[in-house]
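Subject: Handing over a structure

Hi there,

Here is the structure I promised to pass on to you. Have a look at it first, and then read my notes below.

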Amino acid sequence: MHKSAWACCALILAATPMTAAIAQTPPSAAVSTRFQAQDLFNLEVASDPQISPDGSRIAYVRQTADIMTDRMRPSIWLIDVRTGRHTPLVAGAGSHTQPRWSPDGTRLSYISTGEGGGAQLFVRWMDTGQAVRVTGLPNTPSGVSWSPDGTRLAYSMLVPGEAPKIGTPLTKPEGAQWAPPLEIIDTVTYRADGQGYLKPGYRHVFVVPADGGGARQLTQGAFHHGGELSWSPDSATLYLSANRNPDWQREAANSEIFALDVRSGVLTALTDRNGPDQSPAVSPDGRRIAYVGYDDRRMGYHNARLYVMDRDGADRRVLTEGLDRSVQSPTWSKDGRSILFAYEDHGAITVGRATLDGTISTVIQGLSGDDIGRPYAGGDFSVADDGAIAFTRGDSQRPADIHLLRQGRQTQLTRLNADYLSGKTLGAVQRLEVASSHDGQAVESWLTLPAGYVEGQKYPLILEIHGGPFAAYGPHFATDNQLFAAAGYAVLSVNPRGSTSYGDAFANLIHHDYPGHDYEDLISSVDAVIGRGVADPDRLFVTGGSGGGVLTSWIVGKTDRFKAAVVQKPVIDWSSFVLTADNPAFFARYWFGEYPWENPEAYWRRSPLSLVGNVKTPTMVVVGDEDYRTPVSESEQYYTALQLRGVPSALVKIPGVGHGLAVRPSQNAARINAILTWFDRYKTGAAAQTTTQATR
C-alpha cells in the first residue's frame with residue numbers, strides 16, 4: 001500500500017485506548033495475488049459509449065485512477081468497430097467527458113477542462129483531428145445536443161443571479177480589514193451534496209454555433225430548465241423539461257415537457273399532469289415525442305413509465321403499462337417504429353424495446369455501470385442509424401467494458417482490466433434467494449465468497465447493505481467487496497424490501513414504514529448463508545452507507561448477534577434529517593406524509609436513535625465532512641450517544657468529501673482499511689475484554 005493511501009481519513013478518538021491504532025494498523029497481510037487497496041490505482045472503467053451515426057466508430061469515456069493526483073481522470077477514447085483499433089482521442093491534462101457525435105458523424109463535441117481550468121464545450125473535426133473551443137463559460141454546461149442540421153449545439157447551464165439582500169451594509173473604509181459580509185438565504189433548497197451551498201441563479205438553455213461564436217440564452221425567468229434536450233428535425237424547436245409552477249420550490253417533482261421555439265424563445269407546455277415529465281426524445285419524422293414520467297401519488301417510490309404523444313402534446317399514451325419496472329433513456333429507432341429504453345431488473349440494467357402499440361421486448365440484459373465501489377446497478381447505451389447498439393457491460397469479476405450488439409450478435413470491444421486482474425485471486429459471487437421470516441417475501445442477494453474459498457470451511461461474514469433506500473445491488477464488480485474477500489471475509493449484498501428492480505409493490509413495501517421489516521429480510525438472508533455452511537455464526541459483522549447506514553444502526557439496536565458494526569453516512573434522527581438534508585421539499589412529504597411537528601412520534605419510532613439505548617455492539621461511524629445529503633450532524637449525534645453510553649466506538653471523518661465517500665482512491669483505501677481493522681479487532685472477541693461495558 002502506498003503510504004499516502006492511509007493519510008486522508010481524520011479520526012476522532014473514542015473512549016477506548018485502542019482507537020488511536022485504527023489509522024496506522026493495516027489489515028492482515030494477504031498473499032500477493034489477493035486484491036489489495038493499492039490495486040484501486042490500477043483499475044479502469046468504461047462509460048458513456050457513443051456510437052457514430054453510421055455505426056463505424058464508438059467514442060467512450062475511459063476513467064483511470066491517477067496515483068499522483070489521487071483522482072479518477074476521465075479521457076475520451078475511440079474504437080474502430082470494423083478493425084477493433086482502440087486509440088486515445090482526448091486524453092491530455094484535465095477531465096474530458098460527454099462525447100457526442102454530430103448528425104453526419106464528421107465531428108465530435110465534448111466537455112473538457114484543463115488543469116485547474118473551468119469546463120468548456122469543444123468540437124473536434126474527425127478527419128483532421130483539429131479541435132476548437134466553442135464556449136467560454138463561467139459554469140459547466142450539460143445536456144449537450146446537436147441540431148439536426150449540424151450548425152448549432154444546445155446545452156443548459158447555471159446563469160448566476162444576485163444574492164438576496166436584507167438591510168444595508170456599512171461602507172468599509174479603504175484598506176480596512178472587516179469581517180466577511182452576511183450570507184442571506186431565502187430559498188427552500190439552499191445547498192446540495194457535491195456542490196455545497198448553492199450559488200444564486202437558475203439553469204437556462206443556450207444555443208451556440210458549432211464552429212464557435214457567441215452563445216444565445218433561450219429561456220428566461222426564475223425557474224430551472226434543462227435535462228435532456230431534443231431537437232425537432234427542422235432544427236427549429238427544442239424540447240426540454242422544466243418545473244415552472246408557482247410553488248416549484250416546494251413541489252419539486254412536478255416538471256412538464258415544453259416546446260421551445262429557438263428563434264423567438266417562446267415556451268409551450270405539452271404536458272400538464274401532477275407529476276414529473278422528463279427526458280423528451282423526438283421521433284425521426286418529428287411527429288411524436290417520447291418521454292418518461294408518472295402520476296404523482298405521494299408514494300416513496302413510483303415507476304417511471306414510457307409515454308408517447310404527438311408533437312403538440314395531444315394523444316398522450318403510456319407504452320409500458322404492462323412492465324412493472326421504472327424506465328429511463330428513451331431512444332427512437334431510425335425508422336420511428338419503436339423506442340429503446342433502459343430499466344432495472346433484478347439488480348442489473350436491461351435495454352428494452354417498445355413498439356407504438358405497447359409491445360415490449362428485451363434487447364440486451366446485464367449492463368454494468370461505472371460505480372465500482374459497491375455492486376450497484378447501472379450502465380449506458382447508444383444506438384446507431386443501422387440499429388447497432390454500443391453498451392457497457394461487466395460482471396462480478398471485471399468492471400464495465402464496451403460491447404456492441406449488431407444484427408443479434410454481441411461483441412466485446414475492450415478488455416481494460418483483463419491483464420491486470422487476471423493475476424488476482426478474486427472472490428467468486430453467487431446468487432441467493434430466501435423467503436423473509438416476516439411474510440415469506442422473496443428476497444434476492446449476492447454472496448461474495450472469500451478469495452481462495454474452501455468449501456466446507458466457515459468464514460467471518462460481512463453483511464453490506466445498500467443505500468437509497470430505493471436502489472439495488474446486482475452481480476457486478478465491487479472493489480469494497482473484493483477487498484473484504486481478500487481479507488478472508490464473505491460478503492453478503494442483499495436487496496431487501498424497498499429495493500428497486502423488483503417492481504412497484506416490492507419497492508413500496510417500505511412506504512411510510514422504513515426501515516420497517518427490512519430487518520427481517522436482512523437477517524433471513526444472513527441465516528441462509530449460515531445454513532449453507534459458509535458463514536460462522538460467531539463471526540458476523542455489518543456495515544452499510546446512507547440507507548445502509550440507517551439499517552446498520554437499526555440492526556445493532558435490535559440484536560447483539562454482530563461482533564462489530566460500521567455505520568456509514570447514516571440517518572439517525574428522521575426529524576433532524578428532513579429539515580437539514582439537501583432536498584427538504586421531498587423527504588418529509590414522500591417518505592412520511594407529515595412534517596415532524598405534525599407527528600413527532602412517527603418520526604421517532606422509525607429513527608435508529610430511538611434504539612441506541614439497546615446497543616452493545618462495538619460501532620464505528622464514518623462520514624464525509626461535506627455531506628449535505630445525510631448531514632454530518634446525523635453521524636455525530638449517533639457517535640456521541642454511543643460514547644455517552646460507553647459503547648466501544650469511533651468517529652471517522654473523511655475530509656473534503658460529500659455523500660459519495662469513495663471519491664478519491666486513497667481515501668477509499670483508507671476507509672476500507674479502517675473498516676477491516678475495526679472488524680479484525682473484534683473477530684476473535686479478545687478485544688471486547690478491554691472495552692467498557694455499555695450502560696443501559
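Two strands are said to pair if DSSP finds at least two bridges between them. Helices (H or I, at least four residues) and strands (E, at least two) are DSSP runs, numbered from the N terminus. With that in hand, look at strand β29 (residues 389-395), which runs antiparallel to β30 and is joined to it by six bridges.

Before going further, a word on the source: this is a predicted model, in which local features need pLDDT of at least 70 and side-chain atom pairs count only at pLDDT 80 or more, while totals for chains, interfaces and linings use all residues. Residues are numbered from 1 along each chain as its sequence is written, and side-chain values use heavy atoms, with hydrogens and water left out.

**Hairpins**

Back to β29 and β30: they form a hairpin with two residues between them, and F391 stands opposite H403 in β30. On to β31 (residues 409-412), which runs antiparallel to β30 with four bridges joining the two. R406 has R409 in β31 as its bridge partner. β30 and β31 also form a hairpin with two residues between them, and Q407 in the turn has a positive phi of about 50°. Seven of the nine residues of β30 (residues 398-406) are buried, so this strand is largely enclosed by the rest of the structure. Here buried means under 20% relative accessible area, exposed means over 50%, and partly exposed lies in between (1.4 Å probe, protein chains only).

Strand β2 (residues 44-51) is mostly covered too, with eight of its eight residues buried. Six bridges join β2 to β3, and the two run antiparallel; S47 has V61 in β3 as its bridge partner. Their hairpin has five residues between the strands, and G55 there takes a positive phi near 75°.

**An open sheet**

Four strands make an open sheet in the order β16-β17-β18-β19, with antiparallel pairing. Its edge strands, each pairing on one side only, are β16 (225-231) and β19. Neighbouring strands of this sheet are turned by 30° against each other on average, direction ignored (axes are lines fitted to C-alpha atoms, for helices over the stretch in contact, and angles run from 0 to 180 degrees between N-to-C directions). Four bridges join β16 to β17, and G226 stands opposite S241 in β17.

Which helix is largely enclosed by the rest of the structure? Helix α2 (residues 479-486) is, because eight of its eight residues are buried. Among them are D480, L483 and F484. What covers the buried residues of α2 includes β33 (442-448), β34 (459-465), β35 (490-495) and α10. Just after α2, G488 takes a positive phi of about 100°.

A nonpolar core is a set of buried Ala, Val, Leu, Ile, Met, Phe, Trp, Tyr and Cys residues joined through side-chain atoms within 4.5 Å. The largest one has 55 residues, and those with the most contacts inside it are L447, L461, L463, W574 and Y638. Helix α4 (residues 518-531) gives the most to this core, with six residues. Apart from it lies another core, of 34 residues, among them V45, A400, L483 and I672. Going back to L461, the residues it touches (contact means heavy atoms within 4.5 Å) include L447, V526 and F541, not counting residues up to four places away in sequence.

**Salt bridges**

How many salt bridges does the structure hold? There are 28, a salt bridge being a side-chain nitrogen of Lys or Arg within 4 Å of a carboxyl oxygen of Asp or Glu. One of them is between D70 and R664, with the closest N and O atoms 3.7 Å apart. D70 lies in the loop between β3 (57-66) and β4 (71-80), and R664 in the loop between β39 (649-654) and α10 (665-683), so the pair ties together parts that are 594 residues apart in sequence. D70 is buried at 11% relative accessible area, whereas R664 is partly exposed at 25%.

R589 and E251 also meet in a salt bridge (2.3 Å, N to O). This pair links distant parts of the chain, 338 residues apart: R589 is in helix α7 (residues 584-591) and E251 in the loop between β17 (237-242) and β18 (256-261).

Enjoy exploring it!

Best wishes
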